[in-house]
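Subject: Structure handover

Hello,

I am passing on the structure we spoke about. Please look through it first; my notes on what was found follow below.

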Amino acid sequence: MARTLVGTRIRENRRARNLNQKQLAAIAGISGSYLNLIEHNRRGIAGKTLLSLARALEIDPRSLSDGSDRALVDRVKKAAFADREIKTELDHAEEFTARYPGFARLIGRLQDRSDRQQQDFAALSDRMKNDPFFAEAIHLMLSTITTIKSTSEILAMKPAVPDNKADRFLSNLLSESERLAKTATDVLKHFEPSSDVQNNSPDNSPFEALLDQNHFFLDALEDESATIAEIIDKLDLNESEAKIARKSFINYQRMARKFPIPSFLPMARELSFDPLRLAHALSSDVPSICFRLAHLPVAQNTPNFGLLQCDGAGAVLYRKQLQTFALPRFGGACALWPVYRSLSIPLQPITAYLDMPTGERLFAFSYSYPTETAQIGMPARTESLMLFTPDYRLFQSPNHAGLPQLPVGVQCAVCPRKDCSARRSPYLLGG
Amino acid sequence: MGCNLTKSVVIIEDEPYIVEALSFLLEREGLTVSSYSDGAGSVDFIANHSPDLVILDIMLPNVSGMQILEEIRRSQKLSELPVLMLTAKGQKKDQLAAEDAGVSLFMTKPFANDELVANVWELLKR
């Protein structure tokens, strides 16, 4: 089985370099017939021959050894076993891994992620079944709902209930409604993810987790009291995570240096946190200003801005959600958000008030911009971003008086606006 | 069992507003209603009141409704007493456990008032 990997791998690498067997054999200093046997897995190789072939193919000799690829083949096979409905060519797993190592690694990673998510789900399910607080809370909720239902039916009876009784039952309804609301809030708080859970989530990058813990303002990069290397050292990251995090930290540092808070914040207050006016005053681009506005120090007289950045397909590129306004991680949000409307009108800002189903109002500024140069007959790719905040009273200007007020939601599944023309999926929480 | 023409019901339930609603509904039907809110001592309460029917919640303080039901069925005096069990735990296994313990009828919360009243009369006729 080990030979299958090596021989096939040699053949694939040779073909990738547009070499025929005769050419490779000559470079490696072995006969063409011997190479043929090796490639067809009829001969194993080691030592000098292995090194010669690796050198000839300009690859790491370790990639021709059995070690790590055995683990990859096992993961590919595990993925195949996990879904028996799809008939896979299991006998060719080694050859597949050797031929298409990238796809094999992708399958392995997806299987690992699926395993992790199943473990998380099982843990959560177990917790919900066995959590005494949760069981008690659900029982309490059902009891209060029973009272509310039964009492409401009594009040709706014909002939009507005598007034003294009706007053009593109305009072009961009020008490139980308040108790139900409190219990529901307690349940939500009980299951709020901790920062540890967020850090351990495979879909939350270490950079995102660090931002979240620090309210999206990194003092150490703002005042340069620590280097990026020092910050990364403190996080427990593997090599690829560190590489991605480094890039994100560099971008943050660039923003902090370009718009240092001591000068930016006073100007922002003076210009009513208006991205267009700030961009003009600072001779900068609007997206950079929006990013700076979304990363301000927490202060009583400073609005807390959320930010959503998406590409032309609506896929989320960057998000800073607010406690009162959750953002999707990948997509599928309310189609009425101005961030999506902006995509069709690049470089033209949209400002509006967003009226949420909860009754909350947010101020939103959306802006889309090209990310490449347009070519004849092919419009440029665009991205869009939306800056939003409930703290608009801190910077309200006369220009805001006539702003459109858009009734929006978060996601169709949890939005009670049943008659919304943009609805894509049913409301799951309604009757 | 009750020895006058007015049928009587005992409600064993710790949620006072549910007791209030149930009492109103059943008194409106001409029934006499008594209630008790603690699992401990509820079997004695039932024995002392000699009702025609018991409405019993499963989740009670100190002693569960299931234990009370079992004790009722073990008691010579109360073994034939109709028992309507109310529960927020509506899983099939809970219903089966209650049936094994000798429940007369099993209803899940929240319930419709008219269905509850209909079930009470059904049990009182038996």
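What percentage of the 431 residues in chain A do buried residues make up? They make up 25%. Before the rest, please keep in mind that this is a predicted model. The predictor gives the complex an ipTM of 0.88, together with a pTM of 0.46.

Chain A

The secondary structure of chain A amounts to 18 helices and 6 strands. Taking contacts in chain A between residues at least 6 apart in sequence, 56% join residues at least 24 apart.

The strands come first. An open sheet in chain A is formed by 6 strands, in the order β2-β1-β5-β4-β3-β6, and its pairing is mixed. At its edges are β2 (316-320) and β6 (405-407) of chain A, each of which pairs on one side only. From one strand to the next, the twist averages 25°.

One pairing in this sheet can be followed down to residues. Strand β1 (residues 306-311) of chain A and β2(A) run antiparallel and are joined by 4 bridges. A:L307 has A:K320 as its bridge partner in β2(A).

Helix α17 (residues 286-293) of chain A lies across β1, β4 (361-370) and β5 (382-389) of chain A. The angle at which α17 runs to β5(A) is about 35°.

Elsewhere in chain A there is a helix pair to look at. Helix α2 (residues 21-28) of chain A packs with helix α3 (residues 32-39) of chain A at an angle of about 105°, and their axes are 9 Å apart. The two helices, α2(A) and α3(A), are therefore roughly perpendicular to each other. On the α2(A) side the residues that meet α3(A) are A:Q21, A:K22, A:L24 and A:A25. Their counterparts in α3(A) are A:G32, A:L35 and A:N36.

Chain B

Chain B has 126 residues, and buried residues make up 37% of them. The mean pLDDT of this chain is 90, with 94% of its residues at 70 or more. Among the elements of chain B, β1(B) has the highest mean pLDDT (97), while helix α4 (residues 92-100) of chain B has the lowest (83).

The secondary structure of chain B consists of 5 helices and 5 strands. Read from the N terminus on, its elements run β-α-β-α-β-α-β-α-β-α. For contacts in chain B between residues at least 6 apart in sequence, the share that joins residues at least 24 apart is 59%.

In what order do the 5 strands of chain B form their open sheet? The order is β2-β1-β3-β4-β5, with parallel pairing. The edge strands β2 (32-36) and β5 (105-108) of chain B each pair on one side only. On average, neighbouring strands of this sheet are turned by 20° against each other, direction ignored. Helix α1 (residues 16-28) of chain B packs on the sheet and touches β1 (8-12), β2 and β3 of chain B. The direction of α1 makes about 165° with that of β2(B).

Strand β3 (residues 53-57) of chain B pairs with strand β4 (residues 83-87) of chain B in the parallel sense, over 4 bridges. Within β4(B), B:L84 is the bridge partner of B:I55, and B:L86 is that of B:D57. Between β3(B) and β4(B) the chain crosses through helix α3 (residues 65-74) of chain B, and this β-α-β crossover is right-handed. β4(B) and β5(B) also run parallel, joined by 4 bridges. There, B:T87 has B:T108 in β5(B) as its bridge partner.

Regards

Note on methods
Residues are numbered from 1 along each chain as its sequence is written. Chains are lettered from A and ligands numbered from 1 in the order in which they are written. This is a predicted model: local features need pLDDT of at least 70, side-chain atom pairs count only at pLDDT 80 or more; totals for chains, interfaces and linings use all residues. Two strands pair if DSSP finds at least two bridges between them. Axes are lines fitted to C-alpha atoms, for helices over the stretch in contact, and angles run from 0 to 180 degrees between N-to-C directions. Two residues are in contact if their C-beta atoms, placed from the backbone, lie within 7 Å. pLDDT is the predictor's confidence in each residue, from 0 to 100. A residue is buried if 20 or more other C-beta atoms lie within 10 Å of its own, exposed if 12 or fewer, and partly exposed in between; C-beta atoms are placed from the backbone. A crossover is right-handed if, with the strands pointing away from the viewer, the path from the first strand over the helix to the second runs clockwise. Angles under 35 degrees count as roughly parallel, over 145 as roughly antiparallel, 65 to 115 as roughly perpendicular and the rest as oblique.
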